[in-house]
Structures are given as structure tokens and as C-alpha cells.
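Please consult the sequence and the model displayed here. A short briefing accompanies them.

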Amino acid sequence: MPIQVSKMKDRVTPSPWWKRVIWLVIIYGASVLALGVVASLFRMMLNAAGMHTH
């Protein structure tokens, strides 16, 4: 007996523009924070290796 896949009758409505903007800001902020953490880790490793900026 073949399996029937029901077709989606209702179209999915896009979320409001302000929700999409909030997600954009959250993702941007998280990426900037992650970049700061990685840069800080590199700076600590270089300082531990004896390379100072002053």
C-alpha cells in the first residue's frame, strides 16, 4: 500500500519585520561577542609566549 503525503494547503506567513530585525541584531551581537572571545584568547596565548604589545 503506497503512502500518501498530504499537500500543505495553507501557506506559511512570514514573521513580522520587527521579529526578523531582532533576530538579526541577536545574531550580529553574538558573532561580535564570539570574535571578541577568540581575539582575547589569542592575546592571552601571545602574552604567555612572551610577546607583549608595549
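The points below cover the fold, the helix and the surface.

This is a predicted model, in which local features need pLDDT of at least 70, side-chain atom pairs count only at pLDDT 80 or more, and totals for chains use all residues. Residues are numbered from 1 along each chain as its sequence is written, and side-chain values use heavy atoms, without hydrogens and water.

**Fold and helix**
- Helix α1 covers residues 17–48, and its 32 residues should span 46 Å at 1.5 Å a residue, which agrees with the 47 Å between its end C-alpha atoms.
- G50, which follows α1, has a positive phi near 95°.

- Of the 54 residues, 0% count as buried (under 20% relative accessible area, 1.4 Å probe, protein chains only).
- I22 lies in helix α1 and is partly exposed because its relative accessibility is 42%, between the limits of 20% and 50%.

Note on methods
Helices (H or I, at least four residues) and strands (E, at least two) are DSSP runs, numbered from the N terminus. The expected span of a helix is 1.5 Å times one less than its number of residues.
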